[in-house]
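Here is a short report on a fold.

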Amino acid sequence: MNDLDVQKQIRQMVAFIEQEANEKAAEIDAKAQEEFAIEKDNLVNQQKQKILQFYQRKEKQIELQRKIQQSNLQNQSRIAILKAREDLIQQLRQQAINQLSLISNDETKYKQLLTNLIAQAFFRLIEREVIIKCREKDINLVNHAVEAAIGLYKNAIKKDVKVTVLSNAFLAHDIAGGIEAYNSDGKIKINNTLEARLDMLFYQMIPEIREKLFGRNKSRVHDN
């Protein structure tokens, strides 16, 4: 083999090596491009998922806040309605209290009312001695009413009762009337002022008053 042949063979070997190297480089580059594309897609998908999760959380938070605000507004509205209703009921109560002062203007009817209130106190106390307190301006009427009340009490239970109408201590002058009754040691008290009787009747009638003013409560299953 002469020098020309050797040189030719060497050039062929170099060309073959270069071609294989180029092919290998192209293969490596193609694989790198493929892996890069896959990794890029993975990263993009991960970021998309994170963004989606972020906005899903935000959406849930906004929806929760909306529900809380709506609930708060409904509660505030409900409280405002209940307060307005309660204010109206208390206005009616105050109007009734204002009317109480007119009862004592009719002396005959007021004396009969005092008799009934005193007799009721006797029946509730069932004591041998009873102390009566009244307004200072009612003391004469009360003394007469006591006699009539004692008669009612005796006829009903066949027992006597000793009554003392206080002349040195009185109920407040600005109440509408009525009496307070005590046992002999003052430990038991019966409040039969007109205001006390009105309050007792008024609060017993509140369900009926509410129904007449605001209609029947649909959530109520049973009547009182």
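How many bridges join strand E3 to E4, and do they run parallel or antiparallel? Five bridges link E3 (residues 178-183) to E4, and the two run antiparallel. Glu-180 faces Asn-191 in E4. Strands here are DSSP runs of E, at least two residues, while helices are runs of H or I, at least four residues, both numbered from the N terminus. Two strands pair if DSSP finds at least two bridges between them.

This is a predicted model, in which local features need pLDDT of at least 70, side-chain atom pairs count only at pLDDT 80 or more, and totals for chains, interfaces and linings use all residues. Residues are numbered from 1 along each chain as its sequence is written, and side-chain values use heavy atoms, with hydrogens and water left out.

**The sheet.** Four strands form an open sheet with mixed pairing, in the order E2-E1-E3-E4. Its edges are E2 (162-165) and E4 (189-193), each pairing on one side only. Neighbouring strands are turned by 20 degrees against each other on average, direction ignored.

**The helices.** Contact means heavy atoms within 4.5 Å. Axes are lines fitted to C-alpha atoms, for helices over the stretch in contact, and angles run from 0 to 180 degrees between N-to-C directions.

| Helix | Lies across | Angle |
|---|---|---|
| H2 (residues 107-125) | E1 (129-134), E2, E3 and E4 | about 20 degrees to E3 |
| H3 (residues 139-157) | E1, E2 and E3 | about 170 degrees to E2 |

H3 has 19 residues and should span 27 Å at 1.5 Å a residue; its end C-alpha atoms are 26 Å apart, which agrees. The expected span is 1.5 Å times one less than the number of residues. Buried residues in H3 include Ile-139, Leu-141, Val-142, Ala-145 and Tyr-153. Their cover includes H2, E1, E2 and E3. Buried means under 20% relative accessible area (1.4 Å probe, protein chains only). Lys-158 follows H3, with a positive phi near 60 degrees.

**Asn-183.** This residue sits in strand E3. Asn-183 counts as buried because its relative accessibility is 6%. Its side chain makes a polar contact of 2.8 Å with the side chain of Asp-185. A polar contact is a pair of N or O atoms within 3.5 Å; within protein, one must be able to donate a hydrogen and the other to accept it, and residues adjacent in sequence count only if both atoms are side-chain atoms. The Asn-183 side chain also reaches the backbone nitrogen of Ile-188 at 3.0 Å. Not counting residues up to four places away in sequence, Asn-183 touches Leu-125, Glu-127, Glu-129, Ile-131 and Ile-188.

Note on methods: Buried means under 20% relative accessible area, exposed over 50%, partly exposed in between (1.4 Å probe, protein chains only).
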